[in-house]
Amino acid sequence: MSEHSEPGTPGTSDVPLAERDLAALVTEWLDWGQVAALLGVTPAKVRTMIREHELAAAVPRPGAGPCVPADFFQDGLIVKGLPGLLTLLHDHRFDDRECIAWLFTDDDLPGRPIDALRENRGSEVKRRAQVLEY
């Protein structure tokens, strides 16, 4: 795992994204079966969507299986702009866990990047992601 950290993140800037407590950052998680039901696809399709960076999954706490943050969905669909942003973050060598931590960490944007995406302010999130260090 790489160790990206966001400068200027209050209280977390000294903790690499890969080591952040996802259970504390993300309040609601969906397992692959729940995601499949929500999107009207099979769990195998969910696995493919994660592999192709349309979605990101992580183990939120020890003993749990891989899950997807519930905030990745809005009105029964994947939040607009999320797949492209995940691809961009993966191009910056982030893994899924780091992508989720970055999206749910309150930073220089007004609120967390996931909130900006959900409010259709994806271009500012994408600009911020494009300047991340490799």
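**Loop residues and salt bridges in the predicted model**

Thr 105 counts as buried in this predicted model, because its relative accessibility is 5%, below the 20% limit for that class. The residue sits in the loop that links helix H5 (96–103) to helix H6 (113–118). From there, its side chain reaches back to the backbone oxygen of Ala 101, at a distance of 2.5 Å.

His 53, in the loop between helix H3 (43–51) and strand E2 (67–69), has a phi near 65°, a positive value in a residue other than glycine. With a relative accessible area of 23%, His 53 is partly exposed. Asn 120 is likewise not a glycine, yet has a positive phi of about 60°. Its place is the loop between H6 and helix H7 (122–130), and a relative accessible area of 54% makes Asn 120 exposed.

Attention now turns to the charged side chains. The whole structure holds 4 salt bridges. One of them pairs Glu 119 with Arg 121, with the closest N and O atoms 2.6 Å apart; Glu 119 is partly exposed at 49% relative accessibility. Arg 121 also forms a salt bridge with Glu 124, where the closest N and O atoms are 3.2 Å apart. Glu 124 counts as partly exposed, at 22% relative accessibility.

Conventions: Residues numbered from 1 in each chain as written. Predicted model: local features only at pLDDT ≥ 70, side-chain atom pairs only at ≥ 80, totals over all residues. Heavy atoms only, no water. Helix = DSSP H or I, 4+ residues; strand = E, 2+ residues; numbered from the N terminus. Buried < 20%, exposed > 50% of the residue type's maximum accessible area, 1.4 Å probe, protein only. Polar contact = N/O pair within 3.5 Å; in protein donor to acceptor, adjacent residues only side chain to side chain.
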